[in-house]
Amino acid sequence: MTIHSTYRLAFASDNYAGICPEAMQALQQANNGYAASYGDDRSTEQACSLIRELFETDCQVFFVFNGTAANSLALASLCQSYHSIICQEFAHIETDECGAPEFFSNGTKLLLAGGHHGKIDLTAVEQLITKRSDIHYPKPRVLSLTQATELGTVYTPDELQAAGDLARRYGLRLHVDGARFANAVASLGCHPADISWRAGVDVLCLGGAKNGMALGEAVVFFNQQLAEEFDYRCKQAGQLASKMRFLAAPWIGMLQSGSWLERARHANRSAALLEERLRQLPGVELMFPRQANSVFVRMPPEVLQGLQALGWRFYSFIGAGGARLMCSWATTRDEIEAFIKDAAALATQATA
């Protein structure tokens with residue numbers, strides 16, 4: 001089998017995948033004729049309504065360009081500059097946002113808690129909350145969770161409920177970074193509400209780009225009081241799109257068709273197949289439970305370097321080391337087999 005050059009990019013990130021057909025078709029439909037700007041258009045109104053229907057609750061919805069803006073602006077709306085945000089030590093807002101949450105909140109401090117397999121330890125959270133109450137300590141105000149986590153694990157409804165209960169007990173807001181929220185729903189087989197507002201989530205940053213869209217995230221405020229003047233934050237931060245219909249329209253295509261969930265299911269199934277095949281290779285160790293669309297593995301250095309020398313792209317600095325292999329809506333069985341073929345040949349050589 002000839003390995004096409006694009007195969008080498010298949011497992012680097014779900015951001016590497018293109019636009020799925022349902023999102024592209026919706027974009028093309030939105031491109032017909034004229035429409036009002038800055039969100040006063042029919043597509044934006046319809047997309048917001050569909051998100052409310054998805055979660056079966058009234059909520060405020062805002063569309064922004066990317067996840068960094070979604071998380072940072074949402075967190076800034078929940079805090080004053082003297083507050084703190086508690087998150088897991090591998091959380092994206094800590095490791096991959098270039099200080100944006102602190103910047104947009106004018107200095108709100110991130111407090112890090114440990115936890116097993118990327119999930120936050122609620123005992124550690126409570127210790128951070130109760131550690132000090134004097135004026136010299138940044139007052140805890142938000143508990144932020146990542147769903148699915150940066151290590152590919154998923155919070156169950158009961159785990160989310162426990163986090164929500166803890167947050168409410170101490171007067172904290174609960175924020176969820178849901179860049180891969182669709183993958184979590186697909187993994188759990190639950191209703192989206194069960195791991196959002198029913199569990200006490202105040203605001204969810206709902207991922208679109210990793211789900212098959214070109215770009216765009218939805219900031220969903222289940223606690224609508226917290227959304228007051230959020231539109232001004234978006235404008236000030238350069239996140240108010242003049243042609244908002246093109247951020248909103250892909251949500252229509254994916255939610256109406258159900259492809260938001262089916263595309264996530266495909267990514268998860270692809271990762272499950274990749275995990276199964278990797279388990280058969282000598283010297284390759286799975287690092288974390290695969291619960292969504294990523295597989296973390298440790299490989300002998302010769303295998304890791306050999307794959308990179310062959311042109312395979314993947315990250316090795318995310319989480320707790322090892323190699324992160326991401327699957328997307330576009331991942332194919334042929335790509336998986338091509339990767340496994342090369343990895344198997346290198347692993348056999350390394351253990352010979």
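Begin by selecting D165 and R168, which form a salt bridge whose closest N and O atoms are 2.6 Å apart, a salt bridge being a side-chain nitrogen of Lys or Arg within 4 Å of a carboxyl oxygen of Asp or Glu. The model is predicted, so local features need pLDDT of at least 70 and side-chain atom pairs count only at pLDDT 80 or more, whereas totals for chains, interfaces and linings use all residues. Residues are numbered from 1 along each chain as its sequence is written, and side-chain values use heavy atoms, with hydrogens and water left out.

Helices here are DSSP runs of H or I with at least four residues, strands are runs of E with at least two, and both are numbered from the N terminus. D165 is partly exposed at 34% relative accessibility, and R168 is partly exposed as well, with a relative accessible area of 44%; the scale calls a residue buried under 20% relative accessible area, exposed over 50% and partly exposed in between, with a 1.4 Å probe and protein chains only.

Next select R169 together with E126, whose side chains meet in a salt bridge at 4.0 Å, N to O. E126 belongs to helix α6 (residues 122-130) and R169 to helix α7 (residues 157-169), so the pair ties together parts that are 43 residues apart in sequence. E126 counts as partly exposed at 26% relative accessibility, while R169 counts as exposed at 55%.

A search of the whole structure finds 16 salt bridges. Among them is the one in which the side chains of R269 and E262 meet at 2.9 Å, N to O; R269 is partly exposed at 47% relative accessibility, and E262 is partly exposed at 34%. Then select E56, D194 and R198, which are linked in a network of salt bridges.

Move to R8, which has its place in the segment before α1 (21-30). R8 is buried, with a relative accessible area of 17%, and its side chain makes a polar contact with the side chain of D342 at 3.1 Å. A polar contact is a pair of N or O atoms within 3.5 Å; within protein, one must be able to donate a hydrogen and the other to accept it, and residues adjacent in sequence count only if both atoms are side-chain atoms.

**The three-stranded sheet**

Now show β8, β9 and β10 as a cartoon: they make an open sheet of three strands in the order β8-β9-β10, with antiparallel pairing, where two strands pair if DSSP finds at least two bridges between them. β8 (285-286) and β10 (323-326) stand at the edges with a single partner strand each, so one side of each is left without a neighbour in the sheet. Two bridges join β8 to β9 (residues 294-298), and these strands run antiparallel.

Which residues lie closest to the centre of the largest pocket? This pocket holds about 420 Å³ of space, and of the 29 residues that line it, the closest to its centre are N15, H92, A179, R180 and K210. A pocket is an open set of points on a 1 Å grid over the protein atoms alone where a 1.4 Å probe fits, with protein on both sides within 12 Å along at least five of seven lines, and lining residues have an atom within 4 Å of a point. α3 (67-78) and β5 (173-178) each supply at least two residues of this lining, and α3 gives the most, with four residues. By class, the lining has 11 nonpolar, 10 polar and eight charged residues.

The second largest pocket holds about 260 Å³ of space. Of the 15 residues that line it, select A76, S77, C79, Q80 and R233, the closest to its centre; the elements that give two or more residues to the lining are α3 and α9 (230-236).

**Last stop**

Finish at N183 in helix α8 (residues 181-188), which counts as buried at 3% relative accessibility. The C-alpha atoms of N183 and G207 are separated by 9.9 Å, and the two residues are 24 residues apart along the chain.

Technical notes. Grid points are joined across faces, edges and corners, and a volume is the space filled by probe spheres set on the points. Ala, Val, Leu, Ile, Met, Phe, Trp, Tyr, Cys and Pro count as nonpolar, Asp, Glu, Lys and Arg as charged, and the others, Gly among them, as polar.
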